[in-house]
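We will go stop by stop, selecting as we go.

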Amino acid sequence: MKKESLLQKLFMLYLPISTILIFLLFPFYWTFITSIKPEEELYGPTVTYWPENMTFDSYRKLFGEFNFLQPMFNSFLVATITTLVTLTVSVLAAYAFTRFDFKGKQLFMGLFLTNNMFPHVLLLIPLFAIMRSVNLLYTPTSLVVAYATFTIPFSVWMLTGYLKDLPSSLEEAALIDGANRAKAFIKVILPVLMPSIIATGVYIFIQSWNEYTFAVLFTNEDTRTIPVTLKNLIGQLGVQWDLLTAGGIITIIPVCIMFFFAQKKLIEGMTSGSVKG
Amino acid sequence: MKKLLLLFIMLWCGAALLGCTAAQNSSDQDEENEQPTENEAENEGENEEEASDDSEGATITYWYWADNSEYSQLMQDIIAEFNETNDKGITVVGEEYPWDGGGYSETLFTAAVGGGGPDVASFKLTSTPLFTANDLLVNLDDFINNWEDKDEIDENLYNVMKKASGTDSIYVMPWNTQILYVYYRPSIFEEAGVEVPTTYEEFLTAIEKTTMDTDGDGTTDVYGFGMRGATGGHEPWGSFIHGRGGSFDELDSEASIKGMQDFIDIYENGYVPPTATTDGFNEIIANFKSGKTAMTIHHTGSSAEMVETFGDDVSAFAFPAGEGQWTSMGDTENVIFESTEHKEAAFEWVSYLATGKGQEDWTIATGNVPVSKTVQQLDHFQNNKFMKASIDGMPYAGIIPIKDTTTEWISTIWPNTTSAALLGDQSAEEAMQTLQEALHEE
Amino acid sequence: MQKKRFNIWPYLLISPALLIVTFVVFLPVLEAIFMSFQNYDLRRPDKIAYIGFQNFAEMFADPIFWLAFKNTVIWVVFGVGLQFFFGFILALLLNQKFIGRGLVRSVSLIPWATPGVLIGLMWKWIYDGNYGVLNDLLMKVGLVDQPIMFLSQTSTAFGSVIVTIIWQGIPFFAIMILAGLQGISQEMYEAADIDGATKLQKLFRITIPSLKNVIFITILLRVIWVANSVDIIHNITGGGPSYSTQTLSVYIFNKANVLDLGYSSSMALFLMFMLAVVAVPYLKNSFKEGTK
């Protein structure tokens, strides 16, 4: 391993990463600034990059009068269950798709894909009727089912991709050693696949955490999720910038904290130590 | 192999368990939310002879949207008060839904068509044809004819409701209206040396004159008018069309095209902010409140914040007459769904909002124009300059023809066609042709 | 290593996934196919009848449809292309060792974790012609002396929303590729080091080939996702001004919203067909070497 010079590191690492980060994070910074600006300053003649009069009123209002915790809890519940359900069924399916050869494989893979090509908006009326007929309307379960429908095909495909890129030598070795498929899967594949499972899980979680179209139809006051609550803040008489942006910040932060812990697992593949770029 | 099979069986059990929980949840849900249905089922036997008694102890779900979080609280307060004070033991359960730039109506429709909608919901008149064509709404004729407060509401308003359904029946219950007028800044008028316009021509001149470069740097600092080019802009725009003698029925007439040309000229001459093609409610209000525009068109719903921002330096006049005169009457109503099991109780609630305490509380707090004559007489409404501009506009206030094409026309066709005309991609004539055909398509 | 006799296991393994998916989507899709051959307009429920291919004929004669189609192609090509480009770079960078990389990794997720409602509003606010921070920055730097009406003119509106979708999608690619990078065996790099390979050679000879499937699949899934995405455009411009930012998915959405479901379904089927055309080579490719 060669030691890289500081200059090299600056141009190959720090500079590009800061550029991308600025692009990615500026809107977030701006959201935060907006949430602590009083309204006069928002539409003032000059744009201020740090509020002259800071106020945290919106955050207090959100948790005080607004009971933002309820939708947060609902969102968390729905997103977590969706993630667990989706990952379980998708890992199995992906394993089948990569390690077995069977009739109709291509057809099933294609079927999963077309599912994601279909615009959600056309599903609303029939799906609403289905949910009603199986008595799931206005329960968190209805959202889990609706979301799983879209996250499963995605996850199956993603995991299939990862599994294919995994060197199959490991598993074969285990099989030759006399382990059965289940054992080989749990002992060998699962640990190696963990980073990919985490990444897919992040996708599923975020997707269900932020979904609006189904959420507005399949929930009521008790089961509302965050995106619907946020959208309630935009009426005919304009946007409540303070509450909306504060709500946005509060929505984003838990996801980031969770990911902060998850990302350690993300790079802890069994085969890889540190990968040089 | 056995272990794998075991794992599999466990998974299926897990799935089954999940299914059971779901079923459990939903049956709980049934008890809580679909109480009306269940009550009704139980009571069916007893109630057959005395159907009118079904409001006794009924629970009705009410969907509404709130234009801001204070209104949301206000509605919950009104509901709480109704639940306490009504003598029939009716319980209203309020469920707030996002306005979503009008998406509210689609959500409501999807739910109602799918059989899971509310008993009562707040409503926009423009959606009436869609809902009545699918037989979703209760015909209110009998309820209103037998209603003690019937004459509290102006006959004209009932006619508007009838016309919207395209029948002789009333399906929507009036709640409150908003009449558009022109906000202006007296200080800017003084600086530009213009008087409050009394004719349409003077109004156009005032727009031109109040467009000013106040600091002399060669760029416009104050625009004469805050034009709304995004969705919803057809309302103020309609006043321009009528100002030249045009009308919604003949958008391709010479007079209507002339009105459109005025609209385009104002934009091209730079009398409105260059963002006008995409400015919506938010932007026109923000521009007015920050002093960027001298005039803009809106209703009493925004008057409280205007006064908060400017104190005395904001006033209003009704849209002046040209060859014709028209201003848009906005509206919010309530409807009862055919699927409800408690029509009587539902009517109790909507009438409470139309003429009862609910009317007074709501209109005073929101600044909307009441539909109840008694409430209109209250001092609060008589001594307010913005309310006065609204009431001045009342005689010629109207609504855009409500057809089944109207919603699409408002939400996509008008904004896109008008922005094409403003940006010079289309002539006034072409644009008006498109607008005429789209609105009156059979 | 597979025996050729019938094996029940793969079917059992995919059955739970298949069950959930078909339960929800099968009927609606079937319904959409039927609707596309009817003038299924719920605004006029009495007139609904089978009309053959009339919806499709109308669609192909509709200039707004063709504009939307053209926009969709641009939207997908630039949107997904640049998301992938920057996402890939970000993944490589995040895979290196530096102080605070855990933190950097988790904050890079922010655009993706932002609710669609807020993305639309915030970017609209940033682009705003009167109070927008982007104009303020550009003017401070001296790049422009008059604010640009990013969203209010047809020349810049579409580019602006594309930048937003790029912004939102970069973390997706970064995370997905970062996960894929962990599966690459270290030995290959070590062997390359011994051969004296340069960084660039290692990238093109080892990293990219090893990630082939992941790259293929992420791009394919993202193309489908972006082609179908509505909320960013809907919340920023609603498709305007003058239809300049209206993609097929937004057009479908708008038509479905006014309950013209027949026309909307026809366009949806067309979009699905186009996506299938893109996907088939992928499908074929991924099964060629799928069975080892």
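In chain C, what share of the contacts with a separation of 6 or more comes from residues 24 or more positions apart? The figure is 68%. Keep in mind throughout that this is a predicted model.

**Stop 1**

Select chain C and hide the rest. Its secondary structure comes to 14 helices and zero strands. Along the principal axes, the C-alpha atoms of chain C fill a box of roughly 75 × 70 × 30 Å. Of its 292 residues, 53% count as buried.

**Stop 1: chain C against chain A**

Bring chain A back. The contact takes 92 residues from chain C and 93 residues from chain A. Colour the chain C side by element: α1(C) gives the largest share, 17 residues. Now colour that side by class. Chain C puts 64 nonpolar, 22 polar and six charged residues against chain A.

**Stop 2**

Show the side chains at the crossing. From α1(A), pick P27(A), W30(A) and T31(A). From α6(C), pick L118(C), M122(C), W123(C) and I126(C). By class, this contact has six nonpolar residues, one polar residue and no charged residues.

**Stop 3: the nonpolar cores**

Show all chains. The largest nonpolar core has 238 residues. Which residues have the most contacts inside it? They are A93(A), W349(B), A91(C) and I177(C). Next, select helix α8 of chain C, residues 154-181. This helix supplies the largest share of the core, 17 residues. Centre the view on I177(C). Leaving out residues up to four places away in sequence, I177(C) touches G87(C), F88(C), A91(C), L211(C) and V214(C). Then move to chain B for a second, separate core of 62 residues. Among its members are M260(B), Y271(B), M295(B) and M306(B).

**Stop 4: the two domains of chain B**

Domain 1 covers 58-178 + 330-385, and domain 2 covers 181-329 + 387-440, according to the domain assignment. Their C-alpha centres lie 29 Å apart. At the boundary, 23 residues of domain 1 of chain B are in contact with 22 residues of domain 2 of chain B. On the domain 1 side, select α5 (128-133), α7 (155-165), β4 (172-179) and β9 (327-336) of chain B; each supplies at least two residues to the side that touches domain 2. The largest share, four residues, comes from α5(B). The domain 1 side divides into eight nonpolar, 12 polar and three charged residues.

**Stop 5: chain C against chain B**

Show chains B and C together. How many residues does each chain bring to the contact? Chain C gives 24 residues and chain B gives 26 residues. On chain C, select α1 (9-35) and α13 (248-257), the elements that give two or more residues to this side. Colour by class to finish. The side of chain C that touches chain B has 10 nonpolar, 12 polar and two charged residues.

Key:
Residues numbered from 1 in each chain as written. Chains lettered and ligands numbered in written order. Predicted model: local features only at pLDDT ≥ 70, side-chain atom pairs only at ≥ 80, totals over all residues. Domains from an automatic or database assignment. Contact = placed C-beta atoms within 7 Å. Nonpolar A, V, L, I, M, F, W, Y, C, P; charged D, E, K, R; others polar. Buried ≥ 20, exposed ≤ 12 C-beta atoms within 10 Å, placed from the backbone. Core = buried A, V, L, I, M, F, W, Y, C linked by C-beta atoms within 7 Å.
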